[in-house]
Amino acid sequence: MLLAVADAVIAAEPALSEADRNLGDGDHGLGMQRGFEAVKAKLETMSGADGIDKLFSATGMAMMSSMGGASGAIFGTLFRDGGKALAGREVFDGAALAVFLRAACDGVMTRGKAKPGDKTMVDALHPAAAKAEEVAGSGVSEALS
């Protein structure tokens with residue numbers, strides 16, 4: 001699943017860069033591409049036997065060490081803190097998604113000193129975490145929808 005996410009973000013580089021050109025300096029897509037290429041390289045050295053928590057945490061660490069800037073710190077924190085919260089879980093189901101998103105949101109809010117309404121990614125992440133908690137009993141595909 002994480003490799004599929006990495007591939008999708010890498011493929012979205014032109015769209016992410018274009019969106020950032022409209023609002024900023026236009027390098028966000030390149031940073032995300034670089035980060036997820038590092039994620040793929042790291043994940044290809046691991047397996048599911050390493051544990052769900054370690055796969056997500058390794059994703060975060062790869063992003064932090066390769067992206068630089070605020071995006072690296074924020075996205076790295078999202079995956080690392082969300083991953084740590086999954087310790088001991090053997091499956092990534094709807095309940096795990098809820099735990100992941102809540103910890104990820106809390107970590108991002110702490111790291112960036114942001115709260116809902118600040119016009120940051122928290123404005124999307126916070127309601128996503130709340131909705132995931134509502135549908136935690138669903139399978140992961142349904143919960144993601």
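Mentor: Helices (H or I, at least four residues) and strands (E, at least two) are DSSP runs, numbered from the N terminus. This is a predicted model, in which local features need pLDDT of at least 70 and side-chain atom pairs count only at pLDDT 80 or more, while totals for chains, interfaces and linings use all residues. Residues are numbered from 1 along each chain as its sequence is written, and side-chain values use heavy atoms, with hydrogens and water left out.

Start with helices H6 and H7. H6 covers residues 94-112 and H7 residues 122-134. Glu133 and Arg102 form a salt bridge (a side-chain nitrogen of Lys or Arg within 4 Å of a carboxyl oxygen of Asp or Glu), with their closest N and O atoms 2.8 Å apart. This pair links distant parts of the chain, since Glu133 is in H7 and Arg102 in H6, 31 residues apart. Glu133 is partly exposed at 39% relative accessible area (buried is under 20%, exposed over 50%, partly exposed in between, with a 1.4 Å probe and protein chains only). Arg102 is also partly exposed, at 21%.

A second salt bridge joins Lys131 to Glu134, with 3.3 Å between the closest N and O atoms. Here both partners belong to H7 and sit three residues apart, about one turn of the helix. Lys131 is partly exposed at 46%, whereas Glu134 is exposed at 60%.

The loop between H6 and H7 holds Lys113 and Lys119. Lys113 is not a glycine, yet has a positive phi of about 55 degrees; its relative accessibility of 72% makes it exposed. Lys119, likewise not a glycine, has a positive phi of about 60 degrees, and is exposed at 76%.

For contrast, consider the salt bridge between Arg80 and Asp81, where N and O are 3.1 Å apart. Both of these residues are buried. The count of salt bridges comes to seven, and the pairs described here are among them.

Met1, Val5 and Leu144 make a nonpolar surface patch of about 290 Å² (residues with over 30% relative accessible area and no salt bridge, like charges joined within 9 Å, nonpolar side chains, namely Val, Leu, Ile, Met, Phe, Trp and Tyr, within 5 Å). Areas come from the Shrake-Rupley method with a 1.4 Å probe, and for residues only the protein chains shown count as cover. Val5 lies in helix H1, residues 2-11, and is partly exposed at 35%.
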